[in-house]
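Good morning, and thank you for making time for this presentation. Please keep the sequence and the structure in view while I speak.

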Amino acid sequence: MNEAVVQVDGLSKLFGGKPAVDNLSFTVQRGEILGLVGPDGAGKTTTLRILAGVLPADSGTVLVAGQDVIHEPEAVKSRISYMPQHFGLYEDLTVDENIRFYADLFEVSAKVREQRSGELLDACAMTPFRRRLAGQLSGGMKRKLGLVCALIHTPEVLLLDEPTTGVDPVSRRELWSILYTLVFQGVTVLISTAYFDEAERCHRLLLLHQGYGLFCGTPAELKGRLPGTVLSIASSEPRRLRAALTGADGLLSAMAMGDALHVVVDNPERRVPELRERLRAAGLALGEIAAMGATVEDVFVYMVSGHAPERGN
Amino acid sequence: MAEAASILVEDLVKRFGGFTAVDHVSFRIARGEIFGLLGPNGSGKSTTIRMLCGLLTPTSGRASVVGFDVAEEPEKVRQHIGYMSQKFSLYNDLRVIENLRFFAGLYGVKGDLLEERIDWALQMAGLKGSETLLTGELAGGWKQRLALGCAVLHRPQVLFLDEPTAGVDPLSRRQFWELIHQMSAEGVTVLVTTHYMDEAEYCNRLALIDAGLIVAAGSPSEIKRTAIKGDLLLVECAPLGRGLELIKAQPGVVDAAVFGAALHVVVSAAEKARVELAAAMAAAGVKASRIEPISPSLEDAFVALTGRRAGNEAVQ
């Protein structure tokens with residue numbers, strides 16, 4: 001497992017004088033899923049484009065599957081599969097015809113093509129739609145077809161740019177299930193997402209903010225960075241609850257949700273009775289208080305609110 | 001619900017030829033409530049929203065928005081609603097102030113009210129002093145608050161939000177929902193459609209629609225509590241792939257899938273399954289380091305409630 005298939009060191013890219021990617025360094029091991037996680041404009045797409053050899057970098061080194069992508073961008077292309085956000089499907093061709101086109105492009109034999117497309121279409125519940133025109137598929141199904149086309153040959157490294165944006169949770173699970181199957185076969189996956197909850201599905205994640213790396217590690221390691229404990233207090237009036245709790249000792253933050261108030265406290269054993277007392281004194285109904293795990297989003301917000309490590313690590 | 005319904009949907013049906021997009025859907029949303037309508041691609045969400053905006057005529061049933069019937073008085077309905085989507089909302093090549101004036105014109109805001117509302121929107125969006133910036137050059141969070149400002153210039157009583165914060169940085173997203181909760185406290189009714197379970201958590205109540213039918217409704221915590229028939233276990237084991245195959249074949253296992261470096265396993269009874277899975281893995285030489293019950297997420301609930309029909313997505 002300890003074999004770096006992707007090695008990125010000091011990668012930078014400027015657009016109009018502004019850094020889109022700023023001194024980024026990371027490695028990905030064989031059979032690992034690395035998530036590039038961050039909001040729009042964080043540098044996810046630019047990073048993937050450089051790794052795929054379709055965009056030159058301004059500085060840094062990039063090795064993908066043993067190939068120096070910066071100096072020989074063409075050499076890497078047979079070893080990887082890159083699925084951009086807008087994958088080139090032919091809308092006037094059917095699902096099967098699109099798959100066939102990509103299979104021919106990657107010189108996949110008819111036998112392999114039939115077997116592989118059958119498996120992939122099944123895995124993403126697309127088999128009934130083989131004869132439908134790509135232009136008549138819903139957004140989620142287009143994404144799935146794009147993935148099937150990108151996977152019709154067996155790449156060493158798979159680069160996926162936001163494959164799940166606009167895709168419903170059921171289709172999203174199907175996509176992930178395909179990725180996990182590939183990983184068991186030794187494929188290395190880099191996937192970008194703006195859905196912070198999806199970061200939990202990656203083996204490791206690179207948290208990106210304004211082009212630089214905020215954090216790189218496992219989701220569990222990331223969550224360990226948040227001081228305090230997240231509690232959920234059930235309430236139909238979370239904003240009133242928060243008003244009553246403002247200024248309470250040990251309260252690090254509070255966020256009103258749909259049917260609960262989420263608070264971060266320094267020491268739950270000590271603070272829960274104090275919070276209860278405060279709510280009782282304010283005449284507010286006492287809802288159930290439950291500890292919840294911190295989310296990746298919680299830690300991101302904490303880090304970009306002035307607690308981030310220095311830029312460039 | 002003691003409060004008067006702001007949105008009332010009764011037995012609503014929409015057919016396109018032989019295809020039933022919305023199939024006898026009913027729900028009511030109280031004034032000031034934040035209501036989330038969730039569903040897979042092609043489930044009938046967008047069709048429902050289009051009918052509520054008075055843009056599509058129902059085949060049968062009825063719907064009213066702040067007392068106006070959507071089929072009979074679509075113009076009245078449109079005067080009282082605001083619409084915002086993350087995907088389309090603003091003209092990027094117009095300046096901030098030009099976008100505001102454009103939408104004010106569209107919604108018929110004029111006279112003294114015009115300057116007052118534009119001023120209010122600039123304040124709310126944090127764009128005071130940035131009136132002449134090109135909209136396309138604004139960072140995600142500002143652009144999105146500007147879009148919200150434009151959508152509510154005419155003080156609508158009902159606000160429709162379509163994936164309003166997808167792709168926006170989490171700090172801006174939290175500020176955005178803070179604004180929405182504030183509007184709701186002031187009596188604005190909010191209907192959210194989204195695939196983003198993080199957004200659904202900000203809603204007071206949710207309805208899940210699948211193949212044109214409402215399959216579940218309730219608060220986010222109610223839905224999480226009741227959607228999964230059985231219990232959810234987190235299993236950490238090595239090798240993961242072999243563990244998965246083994247667990248899938250065990251009796252009492254409803255579903256098993258990889259989740260990051262672990263497995264999520266739905267079982268009919270947690271305690272019994274814990275013992276049985278541990279024994280089965282030990283016997284097969286799979287090393288289990290952790291088997292414990294976890295609470296289902298809203299996504300788990302969504303998948304459990306809609307997963308079976310996932311292959312039947314309709315063409316939009």
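For chain A the mean pLDDT is 92, and 97% of the residues score at least 70. The exception I wish to mention is residues 309–313 of chain A, where the pLDDT is below 50. Beyond near neighbours in sequence, that stretch has four contacts in the model. Where pLDDT is low, the predicted coordinates should not be read in detail.

Let me turn to chain A as a whole. Its C-alpha trace spans about 75 × 45 × 40 Å along the principal axes. Chain A contains nine helices and 14 strands. Of its 313 residues, 47% count as buried. Among the contacts in chain A with a separation of 6 or more, 70% are between residues 24 or more positions apart.

The domain assignment divides chain A into domain 1, covering 4–216, and domain 2, covering 229–293. Taken over C-alpha atoms, the centres of these two domains of chain A are separated by 41 Å.

I now come to strand β7 of chain A, residues 157–161. Why is this strand described as largely enclosed by the rest of the structure? The reason is that five of its five residues are buried. In a regular strand the side chains alternate between the two faces of the sheet. In β7(A), one side carries Val157(A), Leu159(A) and Asp161(A), and the other carries Leu158(A) and Leu160(A); all are buried, and both faces are therefore covered.

Which strands pair with β7(A)? One is β6 of chain A, residues 80–83, which runs parallel to β7(A) and is joined to it by four bridges. Here Tyr82(A) has Leu159(A) as its bridge partner. Another is β8 of chain A, residues 188–193, also parallel, with five bridges to β7(A). Across that pairing, Leu158(A) stands opposite Val189(A).

Is Ile191(A) buried or exposed? Ile191(A) is buried, because 27 other C-beta atoms lie within 10 Å, and the cut-off for burial is 20 or more. Leaving aside neighbours within four places in sequence, Ile191(A) is in contact with Ile33(A), Gly35(A), Leu160(A), Pro163(A) and Cys202(A). Leu160(A), as we saw, is one of the buried residues of β7(A). By contrast, Glu237(A) is 46 residues from Ile191(A) in sequence and 38 Å away in space, C-alpha to C-alpha.

Let us move to chain B. Four of its strands form an open antiparallel sheet in the order β2-β1-β4-β5. The edge strands are β2 (19–30) and β5 (68–69) of chain B, each pairing on one side only. Between β1 (residues 5–16) and β4 (residues 60–65) of chain B there are five bridges, in the antiparallel sense. In this pair, Val13(B) stands opposite Ser60(B).

Finally, how many residues of chain B are in contact with chain A? There are 41, and they contact 42 residues of chain A. Several elements of chain B each supply at least two residues to this side, including α7 (197–200) and β12 (253–259). The largest share, five residues, comes from α6(B). By class, this side of chain B has 20 nonpolar, 15 polar and six charged residues.

Definitions and conventions
Residues numbered from 1 in each chain as written. Chains lettered and ligands numbered in written order. Predicted model: local features only at pLDDT ≥ 70, side-chain atom pairs only at ≥ 80, totals over all residues. Contact = placed C-beta atoms within 7 Å. Nonpolar A, V, L, I, M, F, W, Y, C, P; charged D, E, K, R; others polar. Domains from an automatic or database assignment. Buried ≥ 20, exposed ≤ 12 C-beta atoms within 10 Å, placed from the backbone. Pairing = 2+ DSSP bridges. pLDDT = per-residue confidence, 0-100.
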